[in-house]
Amino acid sequence: MRIAAPVAVGIVLFALWEVGCRMASVPVYLFPKPSDIFTSLVNNGPSLLRALLVTLRVTLQAFVAAVILGTLIAFVFVQSRAIEVSLFPYAVLLQVTPVVAIAPLVIILVKNTQLSLTICATLVALFPIISNTTLGLRSVDPGLANYFRMNRASRMKTLMKLRIPGALPYFFGGLRISSGLALIGAVVAEFVAGTGGRSSGLAYEILDAGFTLDIPRMFAALFLITMTGVVLFAAMVALSQVALSNWHESETRAET
């Protein structure tokens, strides 16, 4: 039911789009029909698939790097309120700085194009992991925290047995946001870099299609980006359900 309803709505919207464009005789170079986009997707399949793999590689590399770095930073923040207050504003600074503003600098400083794209995407995807994981590690039940102190539990044991399990729902919430931001960061960084050739991603395909007025190919690339974001989000939701379904109320209630 959860999947069937959105799919049905999507089919209706695509049908209305197709019929509306045909009835209004909209030129393909202004706004292509879904059938035009599908035809372009089939005709340009090899090049679009190659570009998708390039963008997906940068996205996954940035996402993994953001998860590792964000989790480690959150562990440092939770050890001392003074450290968190001192350094958290810099994490916010990274979040509010547009990637299009810092991407040219990163691309100039880092000679390897793929590495520079990964760094830019990582900076975009990093903050949700830091913020959500830090919040989760601090959101422990006071009664349980007092119980651990009464039993003279070490800081490491409190972290492993109390704080980390309690932070998992927040952590997985951060994963859902960060996965999409990693994709956005990768695409925006590719736009700024403007790389071509066999190492070009979907952003370059969009730019090239715009220059040649191949609008159906542009929409086909946009469709692949959108579907990639949906798949990444669905994967994070599934991972959260697998990890939390047996014990956390956020998933057990959803099942019932």
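In this predicted model, Ser-40, Leu-41, Val-42 and Asn-43 of helix H2 make contact with Gly-45, Pro-46 and Leu-48 of helix H3. The residues of this contact comprise 4 nonpolar and 3 polar ones, with no charged residue. The two helices belong to a protein chain with 11 helices and 0 strands.

**The H2 and H3 pair**

- Helix H2 covers residues 34–43, and helix H3 covers residues 45–79.
- The two helices pack at an angle of about 80 degrees, and their axes are 5 Å apart.
- Angles of 65 to 115 degrees count as roughly perpendicular, and H2 and H3 are therefore roughly perpendicular to each other.

**The chain as a whole**

- The pattern along the sequence is α-α-α-α-α-α-α-α-α-α-α.
- Taken along the principal axes, the box filled by the C-alpha atoms of the protein chain is roughly 75 × 50 × 25 Å.
- The protein chain has 256 residues, and buried residues make up 38% of them.
- The accessible surface of the chain comes to about 14,400 Å². Carbon and sulfur atoms account for 71% of that surface.
- Counting contacts in the chain between residues at least 6 apart in sequence, 72% join residues at least 24 apart.

**Annotated transmembrane regions**

- An unreviewed UniProt entry carries the annotation "transmembrane region" for residues 48–78, 90–110, 116–141, 162–189 and 218–239.
- One of these annotated spans is residues 48–78. In the model, residues 48–78 are 100% helix and 0% strand, and the C-alpha atoms at the ends of the span lie 44 Å apart.
- Residues 218–239 are also among the annotated spans. This span is likewise 100% helix and 0% strand, with its end C-alpha atoms 32 Å apart.

**Ala-243**

- Ala-243 is part of helix H10, which runs over residues 215–244.
- The relative accessible area of Ala-243 is 32%. Buried means under 20% and exposed means over 50%, so Ala-243 is classed as partly exposed.
- Ala-243 and Gly-174 are 69 residues apart along the chain, and 14 Å separates their C-alpha atoms.

Key
Residues are numbered from 1 along each chain as its sequence is written. This is a predicted model: local features need pLDDT of at least 70, side-chain atom pairs count only at pLDDT 80 or more; totals for chains, interfaces and linings use all residues. Side-chain values use heavy atoms; hydrogens and water are left out. Helices (H or I, at least four residues) and strands (E, at least two) are DSSP runs, numbered from the N terminus. Buried means under 20% relative accessible area, exposed over 50%, partly exposed in between (1.4 Å probe, protein chains only). Axes are lines fitted to C-alpha atoms, for helices over the stretch in contact, and angles run from 0 to 180 degrees between N-to-C directions. Angles under 35 degrees count as roughly parallel, over 145 as roughly antiparallel, 65 to 115 as roughly perpendicular and the rest as oblique. Contact means heavy atoms within 4.5 Å. Ala, Val, Leu, Ile, Met, Phe, Trp, Tyr, Cys and Pro count as nonpolar, Asp, Glu, Lys and Arg as charged, and the others, Gly among them, as polar. UniProt positions are given in the numbering used here, feature names are shortened, and annotations may be inferred rather than shown by experiment. Accessible areas come from the Shrake-Rupley method with a 1.4 Å probe; for residues, only the protein chains shown count as cover.
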